[in-house]
Amino acid sequence: MTAYSKGLEGVVAAETKMSFIDGEKGVLEYVGIPIGDLAKNSTFEETVFLLWNGRLPKAAELAAFTAEIRKHYELPAGMEQRLLALPRDAKPMHMIRTMVSALSMHDQNPDANDAPSLRERAISILGRVPTLLAYFHRYRSGMPLVRPDTSLSIAENFLYMLNAARPTATMAKAMDVCLVLHADHGLNNSTFSARSVISTQSDMYSAITAAIGSLKGPLHGGANEGVMVMLNEIPSVEAAEKYVLDKLSRKDKIMGFGHRIYKSYDPRATHLKVLAKQLASDTGNMALYEKSTAIEKTMETAVAAKGIYPNVDFYSATTYHCIGLPLDLFTPVFVIARVGGWAGHVIEQMGDNRLYRPDVLYKGPHNAPYVPMAQR
Ligand code: SDX
């Protein structure tokens with residue numbers, strides 16, 4: 001038995017060829033390609049192909065992969081009625097966790113977990129999650145659903161279905177870059193959850209559903225919503241420093257900062273900061289960006305020495321706000337992207353599986369007597 005490590009800190013629990021992180025140097029690579037090069041040159045669909053196949057696609061392969069995903073933009077018969085029966089005030093993360101699970105009941109063979117079957121289900125979930133989110137948002141807002149447009153990419157089509165208008169090239173590109181940056185990230189808690197579930201030879205739907213439940217937590221994917229709440233609470237750029245120092249003095253965590261692996265700047269935050277500035281300037285939201293940089297400056301002085309820097313969630317909040325996403329869709333957008341990573345890890349786990357069953361350090365009593373009720 002290995003020594004107990006709380007929160008599995010420092011424990012190596014799987015092998016992967018998908019993403020590499022150097023937490024000290026602030027490096028993230030997908031199949032060896034630096035995340036910055038992918039953010040600049042790739043697309044979300046191409047990045048998912050890279051993660052799942054271990055190499056960049058040729059043009060024809062990318063076209064075929066993209067076409068396969070677009071076949072699944074539409075929901076299976078019966079799912080729309082199921083969605084429109086949900087309470088309008090359901091929280092989007094609860095909705096998407098529930099509806100991904102429900103997709104399994106519209107699959108003739110949901111438990112198929114050979115590699116080709118897992119890949120088919122992965123493509124199906126990848127294509128349908130944006131539609132589920134956009135449909136639900138329009139339904140809860142009392143607006144007519146907008147059918148998916150299979151001539152559009154995942155990023156463009158999501159914004160189109162959400163807003164009933166084609167996004168500008170800038171907004172579509174920004175959305176796509178965010179999906180690339182959020183696609184995979186080593187053995188984060190939600191990816192660990194997915195791999196743990198499939199390691200019992202369960203199924204893709206169960207693994208992705210478990211991962212969504214994990215990502216919802218504010219210590220994980222839910223932080224981007226917390227960042228936006230914080231930015232809205234701070235009344236002015238000048239008030240940022242005091243706000244942060246007061247929270248730190250109460251030992252409150254500042255959302256969007258810190259990381260279990262990165263003890264340096266999260267390279268994704270580097271790119272999201274540039275994107276946030278550009279979009280904030282384009283959309284008249286520079287106050288959000290300036291508050292963010294004021295928070296960052298205060299944190300740099302107060303806690304950088306402890307290795308606490310902005311993580312992926314800090315500048316994604318401003319970026320998503322400027323793209324026009326409602327606050328409670330910030331984390332669901334993380335789901336859209338991370339389905340790419342989760343599904344890849346599920347397929348990888350099944351390619352060389354061993355049931356996840358860690359040990360536990362028992363701290364309770366031994367040889368305790370069973371005391372009859374009358375004597376308790
Ligand atoms: C994601 O794992 C991944 O890869 C996740 C992710 C991905 O792509 O999948 O990168 C996405 O989840 C990013 C993280 C989003 N979460 C947040 O922004 C929430 C705020 N962050 C913290 O809760 C925290 O930094 C964690 C949970 C992210 C990491 O925490 P750890 O590794 O368990 O570190 P810790 O809580 O033990 O903190 C160590 C010290 C403590 O101080 P001391 O008690 O030693 O004095 O650092 C402090 C903490 O108080 N600290 C913070 C802080 N994060 C850590 N202090 C203030 N604000 C923070 N955000």
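How do the residues of the shell around the ligand divide into nonpolar, polar and charged? The legends below, drawn from a predicted model, begin with that shell.

**Figure 1. Residues of the shell around the ligand.** The shell holds nine nonpolar residues, seven polar ones and eight charged ones. There are 24 residues around the ligand, and those that come nearest are His 185, His 259, Arg 260, Arg 268 and Arg 338.

Figure 2. Arg 268 has a side-chain N or O atom 2.6 Å from an oxygen atom of the ligand. Arg 268 is also listed among the residues that come nearest to the ligand. For Lys 306, a polar atom of the side chain lies 3.1 Å from a ligand oxygen atom. Ile 254 takes part through its backbone: one of its backbone N or O atoms is 2.8 Å from a nitrogen atom of the ligand. On its own the ligand has 1,100 Å² of accessible area, and the protein covers 76% of this.

Figure 3. The largest pocket is where the ligand sits. Both domain 1 and domain 2 supply residues to the shell around the ligand, at least three from each.

**Figure 4. The two domains and their contact.** The chain is divided into domain 1, made of residues 16-167, 176-216 and 328-351, and domain 2, made of residues 223-323. Between the C-alpha centres of domain 1 and domain 2 the distance is 26 Å. In the contact between them, 24 residues of domain 1 meet 22 residues of domain 2.

Notes
Residues are numbered from 1 along each chain as its sequence is written. This is a predicted model: local features need pLDDT of at least 70, side-chain atom pairs count only at pLDDT 80 or more; totals for chains, interfaces and linings use all residues. Side-chain values use heavy atoms; hydrogens and water are left out. A residue is near a molecule or strand if one of its heavy atoms lies within 4 Å of it. A polar contact is a pair of N or O atoms within 3.5 Å; within protein, one must be able to donate a hydrogen and the other to accept it, and residues adjacent in sequence count only if both atoms are side-chain atoms. Accessible areas come from the Shrake-Rupley method with a 1.4 Å probe; for residues, only the protein chains shown count as cover. On a 1 Å grid over the protein atoms alone, a cavity is a set of points where a 1.4 Å probe fits but cannot get out, and a pocket is an open set with protein on both sides within 12 Å along at least five of seven lines; lining residues have an atom within 4 Å of a point. A molecule sits in a cavity or pocket if more than half of its atoms lie within 2 Å of its grid points. Ala, Val, Leu, Ile, Met, Phe, Trp, Tyr, Cys and Pro count as nonpolar, Asp, Glu, Lys and Arg as charged, and the others, Gly among them, as polar. Domain bounds come from an automatic or database domain assignment. Contact means heavy atoms within 4.5 Å.
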